[in-house]
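Hi,

Here is the structure I promised to pass on to you. My notes on its charged side-chain pairs follow below.

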Amino acid sequence: METKTTFIAYLRISKEKKGTQGLSEEGQLRAVQSFVDSRGGQILEVFCEIESGKNNKRPELLKAIAKSKATGATLVIAKLDRLSRNAHFTMALKESGVDFIAADMPEANTFMIGIMALVAQQERDFISQRTKAALQSKRERGWVPAFRDNVGEGGRSRGRETIRQNALSNPVNTTAGAFA
């Protein structure tokens, strides 16, 4: 009886709102499933998390790696940059003995993975630069981030005053005072 090749799938979404802008969970799962099907394999378990590729502290990835090691399954990802946008992290994983494969380039060797990991890291840096430039441009046109209005004692003070004004103008409160 022929045994199927087994896989542990890992999906990473950069941010919650990225579901429609980037590689969504569904899109990544389709790519991974298509690859596994082409190999006559079977996905044992799927791990997914919402996290930046810059952050290497990812509990779901650690679980996926542990499950891969425990079962002897190959870790499969849709694209290499879904694993990490940190070249050192990717190469350390490659050297750790965990078998992993990117569905979009399944024949990649260590050399190719190293180059693609560096490209992913460079793209992360470009994304950061573009974001900072866009925010600076908005600031120059007078934009102030909303979250900054609520930081510090000034924001807390404004919050307390808003609550007080809302309480004073609430008809239920003014009516209740008439019966006192």
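Helix 7, which spans residues 152–169, holds both E161 and R164. The two are 3 residues apart, or about one turn of the helix, and they form a salt bridge whose closest N and O atoms are 3.2 Å apart. E161 has a relative accessible area of 35%, so it is partly exposed. R164 also counts as partly exposed, because its relative accessibility is 43%. Please keep in mind that this is a predicted model.

As for accessibility, K67 comes out at 32%, which makes it partly exposed. E45 is partly exposed too, at a relative accessible area of 30%.

The other pair is E123 with R130, a salt bridge in which the closest N and O atoms lie 3.0 Å apart. Are these two residues buried, partly exposed or exposed? E123 is partly exposed at 28% relative accessible area, and R130 is partly exposed at 48%. The cut-off for exposed is over 50%, so R130 does not count as exposed. Likewise, buried means under 20%, so E123 does not count as buried.

Best wishes

Methods:
Residues numbered from 1 in each chain as written. Predicted model: local features only at pLDDT ≥ 70, side-chain atom pairs only at ≥ 80, totals over all residues. Heavy atoms only, no water. Buried < 20%, exposed > 50% of the residue type's maximum accessible area, 1.4 Å probe, protein only. Salt bridge = Lys/Arg side-chain N within 4 Å of Asp/Glu carboxyl O. Helix = DSSP H or I, 4+ residues; strand = E, 2+ residues; numbered from the N terminus.
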